Amino acid sequence: MTSYERPSAPGSVGAPGSSGALGVDGRDTDGHDAVVLAGGAARRLGGADKPGVHVGGRALLDRVLAACSGAAVTVVVAEPRPTARPVEWAREDPPGAGPLAALDAGLRHTTAAYVVVLSADLPFLDGGTVGRLLTALQEVGTEGVLLTDSGGRDQPLVAAYRSAALRRELAALRTEHGELTGLPLRRLTAALELTRITDPVASFDCDTWDDIAAARARIREHGHVLDEWITAVKDELGIDLDVDISILLDLARDAAHGVARPAAPLTTFLVGYAAAQAKGGPEAVAEAARKATALALRWAAEAEADDATAPPPTAPSGTSTETGTGSGTSTGTNSGTGPGPGTAAPEARPDAG
């Protein structure tokens, strides 16, 4: 089991599963492919279909595919299955021949100079981490950049490599051993010049049911649940759009307080619809939200102004609002001829003549 540590602070909005081809410093990392190994036996899960296990309402494989969605080509080495994003499929020969054989099979479908190599059981991997790996690979000039966990253990299936280096060493191993079947990944990584980045969250993988339970518990934490939910909804609906949800939450608050509570979800829906009609991106959502927020604030200001200038309410004709003896019907204790103590006066009908 890869060691898991809770992050010291929640991730940025939309980080889990976010896509894009820019590294964390904004540097262009286009021109890379991705190979996802998803054909393991999952013995520690009792032979369960691990890539299909759901965490946060999404299959583990779909979560990884969302994280590497910036790749020009994404190859999944496994038997084909439905996925949230289009991929190419490959299979090692023979099936079950091990990770090196699977990597070799997937690499044959790629052409880019850089390749991201991932396992299919990484629930917390996101596009930002993939971008960070690729940016580091370009900057440091080594043959690969991989994550390590908090214990310093290499995670070669959460890494970015130079494709030429992988092909060179795979060919050398095949020449030395005759085939790649059964060879461990460390035979490959030991021959590469690597840079290591420690990330105990993104490198967390799900090998056991305890790991699955830990991943599910984390995404339900207060600091993560909203980001995870928004990401899951976007993935389910096929929406690849990252927006500042704080704008929408502020709009919902203003609409709820200044207009009426049901106005909050209806207004945010209309903002999204307007942005879609305009065929815009995050900027269109922000502009529509700005206009709707301004309207909600004007609406609330008018209501406050009306409340401040309205005359005090008057009692209906013939009804006394004071306790004691009145000239008409009293709402309190009456010592006169009205209803007896504790008896409420009947309400005046609006159509009474």
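The following legends describe close-up views of a predicted model.

Local features are given only where pLDDT is at least 70 and side-chain atom pairs only at pLDDT 80 or more, whereas totals for chains, interfaces and linings use all residues. Residues are numbered from 1 along each chain as its sequence is written, and side-chain values use heavy atoms, with hydrogens and water left out.

**Figure 1**
Helices (H or I, at least four residues) and strands (E, at least two) are DSSP runs, numbered from the N terminus. With a relative accessible area of 1%, Ser163 is buried. Buried means under 20% relative accessible area, exposed means over 50%, and partly exposed lies in between (1.4 Å probe, protein chains only). When neighbours within four places in sequence are set aside, Ser163 is in contact with Leu107, Ala112, Ala113, Tyr114 and Val115; contact means heavy atoms within 4.5 Å.

**Figure 2. The salt bridge between Asp121 and Lys50.**
A salt bridge is a side-chain nitrogen of Lys or Arg within 4 Å of a carboxyl oxygen of Asp or Glu. The whole structure holds 17 salt bridges. In the one shown here, the side chains of Asp121 and Lys50 meet at 2.9 Å, N to O. This pair links distant parts of the chain, 71 residues apart: Asp121 is in the loop between strand E6 (114–119) and helix H3 (127–140), and Lys50 is in the loop between strand E1 (32–37) and strand E2 (54–55). Both Asp121 and Lys50 are buried. A network of salt bridges links Lys50, Asp121 and Asp207.

**Figure 3. The salt bridge between Arg187 and Glu176.**
The closest N and O atoms of Arg187 and Glu176 are 3.8 Å apart. The pair links distant parts of the chain, with Arg187 in helix H5 (residues 186–189) and Glu176 in helix H4, 11 residues apart. Arg187 is partly exposed at 34% relative accessibility, while Glu176 is exposed at 56%.

**Figure 4. The salt bridge between Asp250 and Arg253.**
The side chains of Asp250 and Arg253 meet at 3.5 Å, N to O. The two residues are separated by about one helical turn, because they lie 3 residues apart in helix H8 (residues 245–258). Asp250 is partly exposed, with a relative accessible area of 36%, and Arg253 is partly exposed at 42%.

**Figure 5. The cis peptide bond between Asp93 and Pro94.**
The peptide bond from Asp93 to Pro94 is cis, and its omega is near 0°. Pro94 lies in the loop between strand E5 (88–90) and helix H2 (99–107).

**Figure 6. Lys279, a residue with positive phi.**
Lys279 is not a glycine, yet its phi is positive, near 55°. This residue is found in the loop between helix H9 (263–277) and H10. At 76% relative accessibility, Lys279 is exposed.
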